[in-house]
Amino acid sequence: MNIRSNEPYFLIKNGILNSYPSLREDINCDVLIVGGGITGALMAHACIQKGFNTVLIDKREIANGSTSATTAMLQYEIDIPLYQLIKKIGEQGAVASYQACRNSIYQLKKITEDINSDCGFKSKESLYFASNPKDLKWLKTEFETRKQNGFKVEWLNAVDIKNKYGLGAEGGILSEDGGSIDAFCLTHDLLSYNVKKGLQVFDKTELKTVKYKDDSVTVITDTKAEIKAKKIIYCTGYETQQMLPKKIVKLKSTYAMVSEYMKDLSDSISKTLFWNTDAPYLYLRSTEDGRMLVGGEDEDFKNAIKRDLLLDNKKAKLLKTFQKFLPDINFIEDFRWSGTFGETKDGLPYIGAHSKFPNSYFCLGFGGNGITFSVIGADIVTDLINGKTNLLAHFFRFDR
């Protein structure tokens with residue numbers, strides 16, 4: 001499946017960071033991870049920390065799927081507002097999900113520090129702003145719900161937002177807890193760090209068949225190698241839907257652009273993530289090297305060709321919307337790309353075991369919180385392998 005167009009900014013910016021061989025011999029391991037993006041890398045890091053003999057394979061080059069196209073806005077806010085999620089799954093699960101996403105941002109910060117990553121992790125505030133007056137009522141309800149549940153939030157009115165950011169909005173929620181990274185770089189840094197601790201990584205190695213047994217799995221790759229593992233963990237993102245018996249995710253196309261370097265970006269802009277209440281929503285952030293990133297214009301995914309043919313049209317719309325909200329910033333496009341992502345009905349990921357796949361686990365962080373869900377998922381799955389219970393495993397299960 002073609003899950004991105006050809007020129008994501010982070011792929012071009014980083015180039016080839018590390019290179020890995022394809023698998024050409026039979027091997028055994030405790031855990032086989034399928035997927036070499038940010039999810040697989042975080043999972044591998046957790047597995048090595050827990051002492052598992054771990055192998056990771058990817059059919060592409062490392063981090064060349066969705067990870068190279070992600071805009072990596074680290075937010076605890078799930079695509080469904082907290083007050084609505086409470087109505088869907090109850091207060092315990094909804095609040096715990098939001099709290100876990102918030103905590104994962106700080107956990108990710110610690111991971112980047114522990115491995116001395118060059119991914120440019122930055123702690124940032126996050127402004128969720130109303131694009132039109134009709135959204136103010138429910139957005140204030142969301143503000144009060146977060147505040148009542150202990151989240152550090154502040155309400156900003158239209159004048160506050162204009163004075164602080166130069167942004168035209170009706171009002172918004174300013175959250176303390178956010179961040180940004182270069183996910184492509186972090187993926188490579190995580191794998192490089194853990195290879196030194198025993199992780200084995202093979203790219204250009206595609207899983208072709210799997211035999212599920214009572215106490216193990218046996219995988220045959222396109223390179224004719226056999227991998228015997230006690231457990232297999234699928235970190236294969238949106239492509240996983242093709243192997244599941246039931247549809248769990250709706251695929252969407254999204255579009256993003258990065259500007260030329262801007263020497264005069266204000267600190268308030270540079271230190272804040274922005275997204276709005278439109279459907280689909282617009283999102284904005286600065287990059288570590290002083291550019292602006294804007295994305296959105298999501299629509300239902302049909303196929304990769306039709307998705308990519310819309311790039312010029314989507315570029316024009318994104319630029320027009322950017323200028324509407326931030327008229328004082330001259331956005332000159334340098335890179336643009338498209339990608340495919342997925343949405344679930346409740347905005348939550350699917351993490352854990354599946355009844356149709358013995359000795360297997362899945363870590364599928366769908367939606368706008370893919371990276372934070374992946375941090376959470378690494379903890380959940382390694383807990384499950386070790387026979388430990390995890391509250392969120394109940395709310396992120398397949399049969400919910």
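Where is the place of Pro280? Pro280 sits in the loop between strand E12 (272-276) and strand E13 (283-286). This is a predicted model: local features need pLDDT of at least 70, side-chain atom pairs count only at pLDDT 80 or more, and totals for chains, interfaces and linings use all residues. Residues are numbered from 1 along each chain as its sequence is written, and side-chain values use heavy atoms, with hydrogens and water left out.

**View 1. A cis peptide bond at Pro280.** The bond from Ala279 to Pro280 is cis. Its omega is near 5°. Most peptide bonds are trans.

**View 2. Lys204 and Glu297, two residues with positive phi.** Most residues other than glycine have a negative phi. Lys204 has phi near 50°. Lys204 belongs to the loop between strand E7 (200-202) and strand E8 (207-212). With a relative accessible area of 46%, Lys204 is partly exposed. The classes are buried (under 20% relative accessible area), exposed (over 50%) and partly exposed (in between), with a 1.4 Å probe and protein chains only. Glu297 has phi near 55°. Glu297 lies in strand E14 (residues 292-300). At 22% relative accessibility, Glu297 is also partly exposed.

**View 3. Asn64 and its contact with Ile62.** Asn64 is in the loop between strand E2 (54-57) and helix H3 (66-69). It counts as buried, at 15% relative accessibility. The Asn64 side chain reaches the backbone oxygen of Ile62 at 3.0 Å. A polar contact is a pair of N or O atoms within 3.5 Å; within protein, one must be able to donate a hydrogen and the other to accept it, and residues adjacent in sequence count only if both atoms are side-chain atoms.

**View 4. Helices H4 and H5.** Two packed helices are described by the angle between their axes and the distance between the axes. Helix H4 (residues 82-89) and H5 pack at an angle of about 140°, with axes 7 Å apart. That makes H4 oblique to H5; angles under 35 degrees count as roughly parallel, over 145 as roughly antiparallel, 65 to 115 as roughly perpendicular and the rest as oblique. Their crossing is right-handed. From H4, Leu82, Leu85, Ile86 and Ile89 meet Glu91, Gly93, Ala94, Val95 and Tyr98 of H5. Contact means heavy atoms within 4.5 Å. H5 (residues 91-114) has 24 residues and reaches 34 Å from first C-alpha to last. That is close to the 34 Å expected at 1.5 Å a residue, where the expected span is 1.5 Å times one less than the number of residues. Asn116 follows H5, with a positive phi near 55°.

**View 5. Leu136 in helix H6.** H6 covers residues 136-148. Leu136 is buried, at 18% relative accessibility. Leu136 touches Ala130, Trp155, Glu170 and Gly171, leaving aside residues up to four places away in sequence. Ala393 is 257 residues from Leu136 in sequence and 34 Å from it in space, C-alpha to C-alpha.

**View 6. Helix H12 and Gly387.** H12 (residues 370-385) has 16 residues. They should span 22 Å at 1.5 Å a residue, and the end C-alpha atoms are 22 Å apart, which agrees. Of the 16 residues, 14 are buried, so H12 is largely enclosed by the rest of the structure. Just after H12, Gly387 takes a positive phi of about 80°.

Note on methods: Helices (H or I, at least four residues) and strands (E, at least two) are DSSP runs, numbered from the N terminus. Axes are lines fitted to C-alpha atoms, for helices over the stretch in contact, and angles run from 0 to 180 degrees between N-to-C directions. A crossing is left-handed if the near helix is turned anticlockwise from the far one by less than a right angle, and right-handed if clockwise.
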